[in-house]
Amino acid sequence: MASALRLALRKATPARSAFAATRFASTSAKQSTLKERLAELIPAEIENVKAIRAEHGQKTFGQVTVDQVYGGMRGLPALLWDGSVLDPEEGIRFRGKTIEECQAALPKAPGGSEPLPEGLFWLLLTGEIPTPEQVNQLSKEWAARAALPEFVEEIIDRCPGTLHPMSQFSMAVTALNHDSSFAKAYSEGISKKEYWGHTFEDSMDLIAKLPNIAGRIYQNVYGKGKPAPIDPSKDYSWNLAHVLGFSDNEAFVELMRLYIVIHSDHEGGNVSAHTGKLVGSALSDPFLAFGASLNGLAGPLHGLANQEVLVWLRKMQDKIGSNASDEAVKEYVWSTLKGGQVVPGYGHAVLRKTDPRYTAQRAFALKHLPEDPLFKLVGQVYNIVPDILLEAGKAKNPWPNVDAHSGALLTHYGLHQMQFYTVLFGVSRAFGVAAQLIWDRALGAPLERPKSYSSEAIKKMFANRK
Ligand code: FAM
């Protein structure tokens, strides 16, 4: 998207939308549950969208080039996504707020300093900062919904330990569709006006059940018994740490809070977000839609990159030792590129600067683990890779993305199993995908169906044009 257009949109959006700009909830809103608050906001937003379409519906964003059709649709403005917007230079904003602003504004756990993902979910859905009581109520509601159907536990238990945790994860999430409120209501015949309420119920169940799915996969694959039970008096991230066996470590729990917030949403065009939206547009319920998202997240150019980064760093350490010189690291990076491979954790389809999600994790590391050797290696690599990628001359963005950092933090606290890392990304990404699925159903988003062309058709179309 052209930068002038981006700027215009950034300026225009907060004023136009009923909820797009972040704001503090009114007194009455401060007493509402999330579902009640959404029910209040939806009618105004339907009118807002109608007004935008009436006024601007026939205007264009620009032209579509043949290169975009062949080139993965980069920059093609084609999706509505309200929870977050990604600026190439500045990075992500959740409902207009940067990561730092979210860290400052969202409620924290007692004694904690990282934002609670419960508050972020509220923000993504409403554009409002919830009260600590509202966040606490969400923690309780998710804990109450967390239990898995027995057959889903059995599906996970029957997976061979050699099956990648992401495959197990997507299977378990897909199987939750057995109890989908949306699918049941749809088969019984409901009005379109009721779609969002059932999508909300499924989304709440989905998010609530993810820690138990993740914990069960982790404990099964890495041979540690069964996950500890969810504690209804604790927040979501504490419980996620608990089922993994790390809740005794308050710093790890804080890391989970930050981790979920920064991985939750990255506007709509990335593979996992777009897949969820696309599949949801067929009125597949949130379990089917998010199961599909997870299969996209499991690709090495997307969420699996956090696993790939650690694998790559460990291989580097095996080859050149733990306290290698800059020269040796440079040589290793060049050998990766010369081998026709990508440097994992670097580059991005939209970002053109260091990912603020990387920066947020670096700040966390500086506070909690400044002397960690792997953190130091991540820093050393950061000082070396961008220049090499620039010199190599292919990557449009030589800077690190979120995945360049996350594995080093997880490893520090003893979560060494790299193949599990993308599962944590997946738990987080549910927040963003679910929020948009709810709004898509509330706004009556239609079936997605872009037009495709064959190379033959493209050649014919331009045969007589310069
Ligand atoms: N190392 C080596 N080459 C790279 C590179 C990297 N980190 N990033 C881009 N390139 C290459 C890319 O493979 C392409 O080569 P070809 O022309 O031979 O196909 C060329 O540079 C132009 O690519 P681009 O336009 O700069 O990037 P894309 O928009 O096509 O792709 C990424 C974006 C993220 C897939 C790409 O940068 C990459 O493969 N990075 C490494 C994997 C990674 O870290 N993925 C995680 C992304 C993340 F933020 C997330 O989704 N979680």
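Begin with Glu-267, which sits in the loop between H12 and helix H13 (271-281). Bear in mind throughout that this is a predicted model. Most residues other than glycine have a negative phi. Glu-267, however, has a positive phi of about 50 degrees although it is not a glycine. Is this residue buried or exposed? If you count the other C-beta atoms within 10 Å of Glu-267 you reach 21, and because 20 or more is the cut-off for burial, the residue counts as buried.

For a second residue of this kind, select Met-73, in the loop between helix H3 (66-70) and strand E2 (84-87). Its phi is near 60 degrees, which is again a positive value in a residue other than glycine. Met-73 has 16 other C-beta atoms within 10 Å, and so it is partly exposed.

Now return to H12 and select residues 250-263, the 14 residues that make up this helix. How many of its residues are buried? The helix is mostly covered, with 12 of its 14 residues buried, among them Phe-252, Glu-254, Arg-257 and His-263. To see what lies over these buried residues, display the covering elements, which include helix H4 (99-105), helix H5 (117-126) and helix H11 (236-244), as well as helix H17 (356-368), helix H19 (403-412) and helix H20 (421-442).

Next, colour the two domains that the domain assignment gives, domain 1 (141-302 + 418-442) and domain 2 (305-412). Their centres, taken over C-alpha atoms, are separated by 28 Å. Where they touch, domain 1 contributes 14 residues to the contact and domain 2 contributes 15 residues. On the side of domain 1 that touches domain 2, the elements giving two or more residues are H12 and H20, and the largest share, six residues, comes from H12. By class, this side of domain 1 has 10 nonpolar residues, four polar residues and no charged ones.

With the domains still coloured, select the ligand and the residues around it. Both domain 1 and domain 2 give residues to the shell around the ligand, so the ligand lies between them. Of the 21 residues around the ligand, those that come nearest are Gly-347, Ala-349, Ala-395, Lys-396 and Asn-401. The shell as a whole is made up of 10 nonpolar, eight polar and three charged residues.

For the last stop, select His-302, His-348 and Asp-403, where an unreviewed UniProt entry places the feature "active site". Although these positions are spread over 102 residues of sequence, they cluster in space, with a largest C-alpha distance of 10.8 Å. His-302 is in the loop between helix H14 (286-297) and helix H15 (305-320), and it counts as partly exposed because it has 19 C-beta neighbours inside 10 Å. Apart from residues up to four places away in sequence, His-302 touches Asn-270, Val-271, Ser-272, Gly-296 and Leu-297. His-348 is in the loop between helix H16 (326-338) and H17, and it counts as buried because it has 22 C-beta neighbours inside 10 Å. Leaving aside neighbours within four places in sequence, His-348 is in contact with Asp-355, Asn-397 and Asn-401.

Note on methods:
Residues numbered from 1 in each chain as written. Predicted model: local features only at pLDDT ≥ 70, side-chain atom pairs only at ≥ 80, totals over all residues. Near = placed C-beta within 6 Å. Nonpolar A, V, L, I, M, F, W, Y, C, P; charged D, E, K, R; others polar. Domains from an automatic or database assignment. Helix = DSSP H or I, 4+ residues; strand = E, 2+ residues; numbered from the N terminus. Expected span 1.5 Å × (residues − 1). Contact = placed C-beta atoms within 7 Å. UniProt positions renumbered as here; feature names shortened; annotations may be inferred.
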